[in-house]
Amino acid sequence: MLHGLFGSSANWVPQARILAREWQVIIPDLRNHGRSPWADEMSLDVMADDLRALLDDRGLPAATIIGHSLGGRVAMHFALLHPERTTRLGVLDIAPVDYPNRFERMTADLLRIDPSACTTRDELEAALADVLPDPSERQLIMMGVARHGNSFVWRINLPAIRRAAPALMRFTAPPGAIYGGPTLFLRGGNSNYVKDEYRPVIRDLFPDARFAAVQNAGHWLHAEQPEAFLHALQGWIRTT
């Protein structure tokens, strides 16, 4: 299960604990996030290769790959490159299309915040409030900060993310690639990230795609409606 941009494996812990009652669940941090190493290069190609290396390291010939937002783009790219290693593909509130880069200003603003100047999480949240008025976005970013002594440090590599964001917002499928295995595109009912007009493009790349929505949820469907999200995901896995 792959998290989105600015997220971490911690985003998946509540859901992973429940899914782990039936399946082995791995929730890695993408490069430049969480506890994973920082790197200058950050593209769908290299992150798909990171995922391949993780499966190799765990001795797994194939796995169900599930990803939210950026994690969904990595999951799609991996499935197209390595269909033989993808048992199923779950794509959460994202599509294989180009999106506007709305992260340029956000990362620039975040880079002006020095978490080492904050000694409490309340101070840190107050500093972030000017940049991120949405409390849910603010809490997401705060998960990308770690305590270091009496202050904090970034766990997300903001300069690398800022450089990579324009390319990460584009999706170019490998030439001739198709993933024909079971695929679920699960969106938030209130989100506009996966529009009906994207379905022909999706089906060209993922001909066995199913479409479903979690009602009363936006982009962060797994956090906003965790029970409905798990019900949809578990039902799909069990029947494919």
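Predicted model: local features only at pLDDT ≥ 70, side-chain atom pairs only at ≥ 80, totals over all residues.
Residues are numbered from 1 along each chain as its sequence is written, and side-chain values use heavy atoms, with hydrogens and water left out.

**View 1. Packing of helix 2 on helix 3.** Helix 2 (residues 44-57) and helix 3 (residues 70-81) have axes 9 Å apart and pack at an angle of about 75 degrees. Helices (H or I, at least four residues) and strands (E, at least two) are DSSP runs numbered from the N terminus; axes are lines fitted to C-alpha atoms, for helices over the stretch in contact, with angles from 0 to 180 degrees between N-to-C directions. Helix 2 and helix 3 are therefore roughly perpendicular to each other (under 35 degrees counts as roughly parallel, over 145 as roughly antiparallel, 65 to 115 as roughly perpendicular, and the rest as oblique). Helix 2 makes the contact (heavy atoms within 4.5 Å) through Leu44, Asp45, Met47, Ala48, Leu51, Arg52 and Leu55, and helix 3 through Leu70, Arg73, Val74, His77, Phe78 and Leu81. By class, this contact has nine nonpolar, one polar and three charged residues; Ala, Val, Leu, Ile, Met, Phe, Trp, Tyr, Cys and Pro count as nonpolar, Asp, Glu, Lys and Arg as charged, and the others, Gly among them, as polar.

**View 2. Crossing of helix 4 and helix 7.** The axes of helix 4 (residues 104-111) and helix 7 (residues 158-168) cross at roughly 165 degrees and come within 10 Å. That makes helix 4 roughly antiparallel to helix 7. The crossing is left-handed (the near helix is turned anticlockwise from the far one by less than a right angle; clockwise is right-handed). Leu158, Pro159, Ile161 and Arg162 of helix 7 meet Glu104, Thr107, Ala108, Leu110 and Leu111 of helix 4. Six nonpolar, one polar and two charged residues form this contact.

**View 3. Crossing of helix 5 and helix 6.** Helix 5 (residues 121-129) and helix 6 (residues 135-142) have axes that come within 10 Å and cross at roughly 125 degrees. The two helices are therefore oblique to each other, and their crossing is right-handed. On helix 5 the contact residues are Arg121, Leu124, Glu125, Leu128 and Ala129; on helix 6 they are Arg138, Gln139, Ile141 and Met142. Their classes are five nonpolar, one polar and three charged.

**View 4. The largest pocket.** This pocket has a volume of about 400 Å³. On a 1 Å grid over the protein atoms alone, a pocket is an open set of points with protein on both sides within 12 Å along at least five of seven lines, a cavity is a set where a 1.4 Å probe fits but cannot get out, and lining residues have an atom within 4 Å of a point. Grid points are joined across faces, edges and corners, and a volume is the space filled by probe spheres set on the points. Of the 19 lining residues, Gln24, Val25, Ile26, Ala63 and Thr64 are the closest to the pocket centre. Helix 2 and strand 1 (63-68) each supply at least two lining residues, and strand 1 gives the largest share, four residues. The lining has 16 nonpolar, two polar and one charged residues.

**View 5. The largest cavity.** The count comes to one cavity of 30 Å³ or more, and about 50 Å³ of space lies in the largest cavity. Its lining consists of Phe185, Arg187, Val194, Lys195, Asp196, Arg199, Phe211 and Ala212. Strand 5 (183-188) and strand 6 (209-214) are the elements that give two or more residues to this lining. By class, the lining has four nonpolar, no polar and four charged residues.
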